[in-house]
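Reader: Please take me through this structure, and tell me for each label you use what it rests on.

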Amino acid sequence: MQVVRQVREALRLDWLKPGDRLPTVRDMVKSCGVNANTVLKAYRELELSGLVEARQGSGTFIRAALGSAPPEAMEQLRKRLHEWVGEARASGLDNEDIDALVRTVLNDKGEQR
């Protein structure tokens, strides 16, 4: 799940683009310490969702993008979010507090409290 989530996030943030090659299963095992079968399963799930394609003897490549906003807008929002997280930490919130707060806002469905 973590490998799939990280690839999806990298696509949304425009860090990965169609045509980019993902690390080999062997490289993922070495760098992350994840079991090879786990990496294969993650790559298979990404392939079934149409985000990557496996090319025999060449590797696994990004096939589709996910981001719905221009990269410049995403970067600007990321900077503002980084500042907000800094303010939250200065107010005494830890990562779990911040995560809970963000999740409540995401689940508000446009409602403001």
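Author: What follows is a set of questions about labels, each answered by setting a value against a definition. The model is predicted, so local features need pLDDT of at least 70 and side-chain atom pairs count only at pLDDT 80 or more, whereas totals for chains, interfaces and linings use all residues. Residues are numbered from 1 along each chain as its sequence is written, and side-chain values use heavy atoms, with hydrogens and water left out.

Reader: Why is Thr60 called buried?

Author: Buried means under 20% relative accessible area, exposed means over 50%, and partly exposed is in between, with a 1.4 Å probe and protein chains only. Thr60 has 13% relative accessibility and therefore counts as buried. Thr60 is found in strand E2, residues 59–62, where strands (E, at least two residues) and helices (H or I, at least four) are DSSP runs numbered from the N terminus. Leaving aside neighbours within four places in sequence, Thr60 is in contact (heavy atoms within 4.5 Å) with residues including Leu22, Tyr43 and Val52.

Reader: What makes Gly59 partly exposed?

Author: The relative accessible area of Gly59 is 23%, so Gly59 is partly exposed. Gly59 also has its place in strand E2, and it touches Arg21, Glu53 and Ala54, not counting residues up to four places away in sequence. Gly59 and Arg21 are 38 residues apart in sequence, but 6.9 Å apart in space, C-alpha to C-alpha.

Reader: Which residues are the closest to the centre of the second largest pocket?

Author: The second largest pocket holds about 280 Å³ of space, and of its 18 lining residues the closest to the centre are Val25, Leu40, Tyr43, Gly59 and Thr60. A pocket is an open set of points on a 1 Å grid over the protein atoms alone, where a 1.4 Å probe fits, with protein on both sides within 12 Å along at least five of seven lines; lining residues have an atom within 4 Å of a point. The volume is the space filled by probe spheres set on the points, which are joined across faces, edges and corners. Helix H3 supplies the largest share of this lining, four residues.

Reader: What is the volume of the largest pocket, and which element gives the most to its lining?

Author: The largest pocket has a volume of about 920 Å³. Of the 18 residues that line the largest pocket, Glu9, Leu13, Arg78, Leu81 and Val102 are the closest to its centre. H4 gives the most to this lining, with seven residues.

Reader: How do you know that the span of H4 agrees with what it should be?

Author: The expected span of a helix is 1.5 Å times one less than its number of residues. The 20 residues of H4 should therefore span 28 Å, and its end C-alpha atoms are 28 Å apart, which agrees. H4 is followed by Gly92, whose phi is positive, near 100°.

Reader: What makes a set of residues a nonpolar core, and which members touch the most others in the largest one?

Author: A nonpolar core is a set of buried Ala, Val, Leu, Ile, Met, Phe, Trp, Tyr and Cys residues joined through side-chain atoms within 4.5 Å. Of the 16 residues in the largest such core, Val7, Leu11, Leu16, Leu22, Tyr43, Leu46 and Ile62 touch the most other members. The largest share of this core, five residues, comes from H1. Leu46 touches Val4, Val7, Arg8, Leu51 and Val52, not counting residues up to four places away in sequence.
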